[in-house]
Amino acid sequence: MGWGKTGKPGGRRPVRPKNEWNRAAALCAGQLPLVWLAWWFTMEAGGDDYGYGGGAYLGILCVPLVLPLLGLAHATLQITPAGALAARRPGILRGPRWVWHLAGSVLIGAGWSVLVRVLSGWPVGDTLPWFAGAGVLPVLVLDRLRGRSWRGGTVWLGSAGASLVLLAVCGVTADALVDDYEPPRLSAARVAGDWHGTHGSLLRLNPGGEARLTRLPVQAGDAEEGDLSLCDGSGTWTFERDDELMDTDRDGVLLRIDGACGGQTYWTIGGTEQDPELFVRFGDPDGGDLRILTRD
């Protein structure tokens, strides 16, 4: 993809586009566990895991087989096009190539943020730092490798090794800095009221122990099948402390629904003191369908 920093025969040797793309893919794949850990530390650390457990570490263990494919996609959609733009900039735009490569990567990342905003509604301000930041490390390291005779396989092995070392160091540091999540300790009086969920779900807990529900998800049929239905009707509820039930270690609401719509469901208390939540997981204990109710 052109000459090195000098752009002259005496400078760094030119790198073939295929080799640079391969190196970029290796670097992108190698940094993904670190990006995942950074996302977890920024967005999820110290928060409610809703009983799933594992946090970022479980996700890291589940994705090694797809890292090469994700690295190839990242290199193809952001790093390599940005490098092509930097190599073909007008002569009037002087300065180190890596600066223009990085600028192009940020510009493309901004474009992807806008596309995500259009397709999913996520705010650009939330996604732009991640799309732009994910291109910084590959661009900087790629500049250091440009002109070197390292083979593609060597870059992949080096990237994987460096990623594991950095991941271990950053993971231990993050674990030491993050406080464990503590669910709010509410009273029955604070639990009483209206709780809203997606698709118009409403659970009204009256102070006297009566419950009214509208389009509330409940387990339908065999519990092992994990089928859910939306229930309208009435029932009763009781506030349960964590030492009153054998199958939970957190406070919650035990809801008993009248009629054949459903049996009983334990809604666990989550969220924070200022913004409490009720949640339940249906189906597989290790995964399942998570449903959350919040205050208006």
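**Note on the predicted model: surface patch, pocket and salt bridges**

1. Trp 98, Val 99, Val 136 and Leu 140 make a nonpolar surface patch of about 270 Å². Patches join residues with over 30% relative accessible area and no salt bridge, like charges within 9 Å and nonpolar side chains (Val, Leu, Ile, Met, Phe, Trp, Tyr) within 5 Å; accessible areas come from the Shrake-Rupley method with a 1.4 Å probe, and for residues only the protein chains shown count as cover. Helices α4 and α6 (136-145) each supply at least two residues of the patch. Val 99 is placed in helix α4 and is partly exposed, its relative accessible area being 34%.

2. The model is predicted: local features need pLDDT of at least 70 and side-chain atom pairs count only at pLDDT 80 or more, whereas totals for chains, interfaces and linings use all residues. Residues are numbered from 1 along each chain as its sequence is written, and side-chain values use heavy atoms, with hydrogens and water left out.

3. The largest pocket holds about 810 Å³ of space. A pocket is an open set of points on a 1 Å grid over the protein atoms alone where a 1.4 Å probe fits, with protein on both sides within 12 Å along at least five of seven lines; lining residues have an atom within 4 Å of a point. Of its 22 lining residues, Leu 32, Val 35, Trp 130, Phe 131 and Ala 134 lie nearest the centre.

4. At least two lining residues come from each of α1 (17-44), α3 (67-87), α4 (97-120) and α5 (124-133), and α1 gives the largest share, 7 residues. Helices are DSSP runs (H or I) of at least four residues, and strands (E) of at least two. The lining comprises 17 nonpolar, 3 polar and 2 charged residues.

5. The whole structure contains 6 salt bridges, each a side-chain nitrogen of Lys or Arg within 4 Å of a carboxyl oxygen of Asp or Glu. One of them pairs Glu 273 with Arg 190 (3.2 Å, N to O). This pair links distant parts of the chain, 83 residues apart: Glu 273 lies in the loop between β6 (264-271) and β7 (276-282), and Arg 190 in helix α8 (residues 188-191).

6. Another salt bridge joins Arg 241 and Asp 251 (2.7 Å, N to O). Asp 251 is buried, at 4% relative accessibility, whereas Arg 241 is partly exposed, at 26%; buried means under 20%, exposed over 50%, and partly exposed in between (1.4 Å probe, protein chains only).

Key
Points joined across faces, edges and corners; volume = space filled by probe spheres on them. Nonpolar A, V, L, I, M, F, W, Y, C, P; charged D, E, K, R; others polar.
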